[in-house]
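Please keep the sequence and the model in view while reading.

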Amino acid sequence: MTGSTKTDGRVERGNQTRRLVLGRTMDIASVEGLEGLSLGRIATELKLSKSGVFALFGSKEELQLATVRAATAVFARQVVTPLADLPPGPGRVWALCRNWLAYSSERVFQGGCFFYAVSAEYDARTGPVHDAVAQARRDWVAYVERAVEEGRAAGGFVEDVDAPQLAFEIIALMESANAQSVLLGDPSAYARAERGIARRLRAEATDRARAEIDAPAAPKD
């Protein structure tokens, strides 16, 4: 029992350290990019032993990959999980978009949308980190497209809705708001994105489902 307790204690301390490290690396990467990460830097900033951080992650690349995985989990909790009880339709897609805009505007990550930042950093590179970032992007786009298709199947969108096109447009509006807010310090971009997304969803919604889309928020000063 004593040996098991000691082992369990070490495992929990390791898990706590891992969460502490990844909390910091996600914020760094959202501002400086994944290349800004290093085992030595994190150990110094968090006052941890470099050997201890190395034991948890093994290499800079594994630290980067672990950071992408951790950010994916945070993104899912903030944007996707709250939709669990909503039925398919324009209202669900609208809620998804508003969750994303809140995730960005409330700075869940210090630099705005984590994936917007690291996608720009890795879009022309190759290797495991690029592949992880690209897969996260593919998964997100596919999720939005699926939400639109499920809404169409439930009678909420018109039968000939082009799900990939609609997903492309609303993602572009969300990411434009993120970019303008982060670069220019312009929070009104989020209200502009809301208005644009609401118009696109209403245009593709069936008459009976159009009321699912609430009036967007007023512009912020």
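## Terms and model

A residue is called buried under 20% relative accessible area, exposed over 50%, and partly exposed in between, as computed with a 1.4 Å probe on protein chains only. By this scale Glu-35 is partly exposed, because its relative accessible area is 36%.

The model is predicted: local features need a pLDDT of at least 70, side-chain atom pairs count only at pLDDT 80 or more, and totals for chains, interfaces and linings use all residues. Residues are numbered from 1 along each chain as its sequence is written, and side-chain values use heavy atoms, with hydrogens and water left out.

## Salt bridges

How many salt bridges does the structure hold? There are 13, where a salt bridge is a side-chain nitrogen of Lys or Arg within 4 Å of a carboxyl oxygen of Asp or Glu. One of them joins the side chains of Lys-60 and Glu-35, with N and O at 3.4 Å. This pair links distant parts of the chain, 25 residues apart: Lys-60 belongs to helix 4 (residues 60-80), while Glu-35 is in the loop between helix 1 (2-32) and helix 2 (39-46). Helices (H or I, at least four residues) and strands (E, at least two) are DSSP runs, numbered from the N terminus.

A second salt bridge connects Arg-69 and Glu-62 at 2.5 Å, N to O. Arg-69 is partly exposed at 47%, and Glu-62 is also partly exposed, at 25%. A further bridge is formed by Glu-149 and Arg-152, whose closest N and O atoms are 3.1 Å apart. Both residues lie in helix 7 (residues 128-153), 3 residues apart, or about one turn of the helix. An α-helix has 3.6 residues a turn, so residues three or four places apart point the same way. Glu-149 is partly exposed at 34%, as is Arg-152 at 22%. Elsewhere, salt bridges with shared partners join Arg-24, Glu-32, Arg-41 and Glu-45 into one network.

## Aromatic rings

A pair of aromatic rings is described by the distance of the centres and the angle of the planes. Rings of Phe, Tyr and Trp (its six-membered ring) pair if their centres lie within 6.5 Å; planes under 30 degrees apart count as stacked, over 60 as edge-to-face, and the rest as tilted. The whole structure contains 7 such pairs. The rings of Phe-109 and Phe-114 have centres 5.5 Å apart and planes at 50 degrees, so this pair is tilted. Phe-109 is buried, with a relative accessible area of 2%, and Phe-114 is buried at 0%. Phe-114 also pairs with Phe-115; here the centres are 5.0 Å apart and the planes are at 75 degrees, so the arrangement is edge-to-face. Phe-115 is buried at 13%.

## Thr-25 in helix 1

Is Thr-25 buried or exposed? This residue of helix 1 is buried, because its relative accessibility is 0%. The Thr-25 side chain reaches the backbone oxygen of Leu-22 at 3.1 Å. Leaving aside neighbours within four places in sequence, Thr-25 is in contact (heavy atoms within 4.5 Å) with Leu-37, Ile-42, Leu-63 and Thr-67.

Helix 7 has 26 residues and spans 36 Å from its first C-alpha to its last, close to the expected 38 Å; the expected span is 1.5 Å times one less than the number of residues. Its buried residues include Val-133, Trp-140, Tyr-143 and Gly-151. The buried residues of helix 7 pack against helix 4, helix 5 (90-105), helix 6 (114-122) and helix 8 (163-184). Just after helix 7, Gly-155 has a positive phi of about 90 degrees.

Met-174 is located in helix 8 and is buried, with a relative accessible area of 1%. Not counting residues up to four places away in sequence, Met-174 touches Cys-97, Trp-100, Leu-101, Trp-140 and Ile-197. Met-174 and Ser-104 are 70 residues apart in sequence, and their C-alpha atoms are 8.9 Å apart in space.

Methods. A polar contact is a pair of N or O atoms within 3.5 Å; within protein, one must be able to donate a hydrogen and the other to accept it, and residues adjacent in sequence count only if both atoms are side-chain atoms.
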